[in-house]
Amino acid sequence: LLLASKIAQEAQREFLDEGRVRGELLELQQRYDAGEVEAEEYDLQEMALLKRLDAIREFKAQQSRQG
């Protein structure tokens, strides 16, 4: 049970890492600029990453309001 709890905490920490998501956005932009990603795929991935960033920020805001 302790191991499962630690794994859950680590997963939550990684999910809530805004820096990681911003890094993924930067990497996506670089891949697009290098011609490795088409515009349509770039738009889809960017939208997903921005939604993830919004979800992280909303979750953190809720947590701060709760205590």
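How many residues apart are R22 and E18 in helix α2, and by about how many helical turns are they separated? R22 and E18 are four residues apart in helix α2, which covers residues 18-33, and so about one helical turn separates them; helices here are DSSP runs of H or I with at least four residues, while strands are runs of E with at least two, numbered from the N terminus. This is a predicted model, in which local features need pLDDT of at least 70 and side-chain atom pairs count only at pLDDT 80 or more, while totals for chains, interfaces and linings use all residues. Residues are numbered from 1 along each chain as its sequence is written, and side-chain values use heavy atoms, with hydrogens and water left out.

**Salt bridges around E18**

- Across the whole structure the search finds nine salt bridges, each defined as a side-chain nitrogen of Lys or Arg within 4 Å of a carboxyl oxygen of Asp or Glu.
- R22 and E18 form one of these salt bridges, with their closest N and O atoms 3.5 Å apart.
- E18 also meets the side chain of K60 in a salt bridge, at 3.4 Å from N to O.
- Because K60 lies in helix α3 (residues 39-66) and E18 in helix α2, this pair ties together parts that are 42 residues apart in sequence.
- E18 counts as buried at 17% relative accessibility, where buried means under 20% relative accessible area, exposed means over 50%, and partly exposed lies in between, using a 1.4 Å probe and protein chains only.

**The salt-bridge network**

- A network of salt bridges links E14, R20, E24 and R52.
- Within the structure, R20 forms a salt bridge with E14, and the closest N and O atoms of the two are 3.1 Å apart.
- R20 is partly exposed at 39% relative accessibility, and E14 is likewise partly exposed, with a relative accessible area of 32%.

**The aromatic pair**

- The count comes to one aromatic pair, where rings of Phe, Tyr and Trp (its six-membered ring) pair if their centres lie within 6.5 Å, with planes under 30 degrees apart counted as stacked, over 60 as edge-to-face and the rest as tilted.
- The ring centres of Y32 and Y42 are 4.7 Å apart and their planes stand at 35°, so the pair is tilted.
- Y32 in helix α2 and Y42 in helix α3 are 10 residues apart, and the pair links distant parts of the chain.
- Y32 is partly exposed at 34% relative accessibility, whereas Y42 is buried at 11%.
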